[in-house]
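Q: Could you walk me through this one? I have not looked at it before, and I would like to go piece by piece.

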Amino acid sequence: MADPARARKMADRIKEIVARRLDKGLRDPRLGFVTITDVRVTGDLQHASIFYTVYGTDEERRDSALALKAATGMLRTEVGRNITARLTPSLEFILDAIPENADHIAALLREARERDAETEAFASTAEYAGDADPYVKPREFEADDESEDDESQSA
């Protein structure tokens, strides 16, 4: 088991190598506008999961996935040449759902703002069910009344 720092370094290096190779271009016309978002390497440095996004339609995403799957062997060879490890890790490409998650989060935030505005509108016309201040306060005595009572009791 390699230390996590070494695995992270290798993941960063693999990300750089694969991104550079994709930037040069593959000879596959199915490959769309692919961005490598993250790489995770297992603790034994034997497997690398490469997360990517594709800008475009669902069909372009599907075609890019097929192109990356077809180019996995060539990309693994490229990685093996450029890293200093005894064994070259196997590569797996996983479509990253960042854009879809971002859209979902934006929709949830929009809904929360609408509900907040609705609640604020209800609160502006609301009335108290009882007193405005429902908490019991200690009784306050006037100082003049107490001093007169003390004098009459002592006489």
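**The sheet and its helices**

A: Let me begin with a pair of strands: β2 and strand β3 (residues 90-95) run parallel and are joined by 6 bridges. Please keep in mind throughout that this is a predicted model.

Q: Which residues stand opposite each other there, say for His-47 and Ser-49?
A: His-47 has Ser-90 of β3 across from it, and the bridge partner of Ser-49 in β3 is Glu-92.

Q: And in which sense do β1 and β2 pair?
A: Strand β1 (residues 33-41) pairs with β2 in the antiparallel sense, over 8 bridges. Among the facing residues are Val-39, which stands opposite Ile-50 in β2, and Phe-33, whose bridge partner in β2 is Tyr-55.

Q: Switching to α2, how far apart are its end C-alpha atoms?
A: They are 18 Å apart, and this agrees with the 18 Å that the 13 residues of α2 should span at 1.5 Å a residue.

Q: Which residues of α2 are buried, and which exposed ones sit on the face turned away?
A: Arg-61, Ser-64, Ala-67 and Leu-68 are buried in α2. Seen down the helix axis, the buried residues of α2 fall within an arc of 125°, so they line one face of the helix. The face turned away from that buried side carries the exposed residues Asp-58, Arg-62, Lys-69 and Ala-70.

Q: What covers the buried residues of α2?
A: The cover includes α1 (4-24), β1, β2, α3, β3 and α4 (98-124).

Q: What is Arg-61 in contact with, leaving aside its neighbours within four places in sequence?
A: With those neighbours left aside, Arg-61 is in contact with Val-54, Gly-56, Leu-95 and Glu-100. As for polar contacts, one of 2.9 Å joins the side chains of Arg-61 and Asp-58.

Q: Moving on to Thr-72, where is that, and is the residue buried or exposed?
A: Thr-72 has its place in helix α3 (residues 72-82), and with a relative accessible area of 18% Thr-72 is buried. The side chain of Thr-72 reaches the backbone oxygen of Lys-69 at 3.2 Å.

Q: Which residues does Thr-72 touch, not counting those up to four places away in sequence?
A: On that count, Thr-72 touches Leu-91 and Phe-93.

Q: Then tell me about Leu-91; buried or exposed?
A: Leu-91, which lies in strand β3, is buried, with a relative accessible area of 10%. Leaving aside neighbours within four places in sequence, Leu-91 is in contact with Ile-14, Ala-48, Ile-50, Thr-72, Leu-75, Arg-76 and Val-79.

Q: And how many residues apart along the chain are Leu-91 and Ser-49?
A: Leu-91 and Ser-49 are 42 residues apart along the chain, while their C-alpha atoms are separated by 6.1 Å.

Note on methods
Residues are numbered from 1 along each chain as its sequence is written. This is a predicted model: local features need pLDDT of at least 70, side-chain atom pairs count only at pLDDT 80 or more; totals for chains, interfaces and linings use all residues. Side-chain values use heavy atoms; hydrogens and water are left out. A polar contact is a pair of N or O atoms within 3.5 Å; within protein, one must be able to donate a hydrogen and the other to accept it, and residues adjacent in sequence count only if both atoms are side-chain atoms. Contact means heavy atoms within 4.5 Å. Two strands pair if DSSP finds at least two bridges between them. Helices (H or I, at least four residues) and strands (E, at least two) are DSSP runs, numbered from the N terminus. Buried means under 20% relative accessible area, exposed over 50%, partly exposed in between (1.4 Å probe, protein chains only). The expected span of a helix is 1.5 Å times one less than its number of residues. The arc is that of the directions from the helix axis to the C-beta atoms.
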